[in-house]
Amino acid sequence: MDAAVKKIMTDLKGRKYAPVYFLQGEETFYIDVVADYIEKHVLSDGERGFNQVVVYGKDATMATILTHAKRFPMMSERQVVIVKEAQDIQDLGKDIGAKLLLDYLSKPAPTTVLVFCHKHKSLDKRKELGKKIDQLAVTINTKKLYDNQLPEFVADYAKEKKIGMDDRAVQALCEFVGNDLNRLANEVDKLIISLPPGESITAERVMAGVGVSKEYNIFELQKAILQRDTLLANKIVNYFESNTKKSPMIPAVAYLFSFFSKTLMASQASDKSDKGLASELKVSPYAVRDYSLALRQYPVSKIIDNIASIKDADLKLKGVNTGSADDGQIFRELVWRLMH
């Protein structure tokens with residue numbers, strides 16, 4: 001979990017509340033984590049009806065929001081005002097709205113917990129509000145995670161839920177879902193619901209849960225390519241062709257590009273032991289086995305050729321210089337090139 005988010009959550013669980021939270025950034029997952037906790041836990045069920053207000057930015061001006069914030073709580077120690085989609089507040093980007101908020105931040109109501117959920121972007125640091133917000137409110141500024149950070153996120157999330165999840169399952173989920181943290185968390189939650197008591201989440205459960213064939217998937221295709229198993233590779237390509245919704249080819253090509261790009265990085269590593277490659281590539285020890293196999297199978301010149309072939313296939317699948325070949329033919333030719 002992001003360090004700033006972890007600090008906020010620790011304080012919230014210790015019932016230490018700030019008068020204003022400004023949650024902003026590209027990654028919406030952590031914004032929702034903090035806001036949802038405040039919405040569900042700061043007030044009791046009985047207090048919430050009179051003392052909790054949720055407004056949406058597109059429907060409100062800053063003056064309206066601050067009018068809510070300046071009210072006194074009713075039969076409660078405090079009130080909560082949550083502004084969802086705060087990036088859409090009608091006058092936040094204008095001088096008048098920014099000035100109203102700055103004035104409030106200089107002397108916020110001590111009995112109000114005011115939360116702004118400013119998603120998908122951050123305040124302009126060139127403007128006064130953007131410059132001062134970190135000093136005047138409790139803030140986070142979230143960024144999208146890089147692909148190599150996703151396994152740690154998934155593993156930590158499963159750990160928080162007190163559920164075991166092996167490295168292969170973590171890798172499978174990250175590859176099939178990508179860097180959408182909300183969806184990654186939702187997929188783990190769905191897997192937990194169907195998990196028998198005392199069991200862990202395995203790669204097979206992940207594949208079944210996200211609708212991927214246990215036999216014909218990108219992991220098995222990669223293995224067939226590395227082992228130069230032409231028969232199995234052709235079977236998987238046939239499956240991909242006839243099940244394009246479950247096995248879309250562009251993400252499969254993106255996965256192969258990521259793999260061979262990291263293999264090229266591995267070829268330049270000074271320490272090619274499993275531990276050294278895991279550190280260099282920032283992947284799990286389980287995943288290192290495939291990179292070690294690829295280094296034994298391919299000289300550097302072939303790895304570079306494979307990356308070029310993948311880039312060419314990616315462009316063709318996106319409609320560039322396709323000619324008369326359909327997606328299945330393009331993908332089949334790519335797999336052949338990677339193996340020969």
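The model is a predicted one, in which local features need pLDDT of at least 70, side-chain atom pairs count only at pLDDT 80 or more, and totals for chains, interfaces and linings use all residues. Residues are numbered from 1 along each chain as its sequence is written, and side-chain values use heavy atoms, with hydrogens and water left out.

Let me begin with the sheet. Helices (H or I, at least four residues) and strands (E, at least two) are DSSP runs, numbered from the N terminus. Two strands are said to pair if DSSP finds at least two bridges between them.

Now consider strand S1, residues 20–25. It runs parallel to S5, residues 138–142, and four bridges join the two. With strand S4, residues 112–119, S1 pairs in the parallel sense over six bridges, and Leu 23 stands opposite Cys 117 there. At the other end of the order, S2 and S3 are parallel and joined by five bridges; Tyr 56 has Lys 84 in S3 as its bridge partner.

How many residues of S1 are buried? Six of its six are, where buried means under 20% relative accessible area, exposed over 50%, and partly exposed in between (1.4 Å probe, protein chains only). Val 20, Phe 22 and Gln 24 point one way from the strand, while Tyr 21, Leu 23 and Gly 25 point the other way.

I turn next to the aromatic rings. Rings of Phe, Tyr and Trp (its six-membered ring) pair if their centres lie within 6.5 Å; planes under 30 degrees apart count as stacked, over 60 as edge-to-face and the rest as tilted. A search of the whole structure finds eleven aromatic pairs. One of them is edge-to-face and joins Tyr 30 to Phe 153, at 6.4 Å centre to centre with 85° between the planes. This pair links distant parts of the chain, since Tyr 30 is in helix H2 (residues 28–41) and Phe 153 is in helix H7 (residues 150–160), 123 residues apart. Tyr 30 counts as buried because its relative accessibility is 7%, and Phe 153 counts as buried at 8%. Another edge-to-face pair is formed by Phe 259 and Phe 260, with 5.3 Å centre to centre and 85° between the planes. Both Phe 259 and Phe 260 are buried. Ring pairs also link Phe 29, Tyr 30, Phe 153 and Tyr 157 into a cluster.

Finally, is Met 75 buried or exposed? Met 75 is exposed, because its relative accessible area is 73%. This residue lies in the loop between helix H4 (62–70) and strand S3 (79–84).

By contrast, Glu 220 lies in helix H11, residues 218–226, and is buried, with a relative accessible area of 14%.
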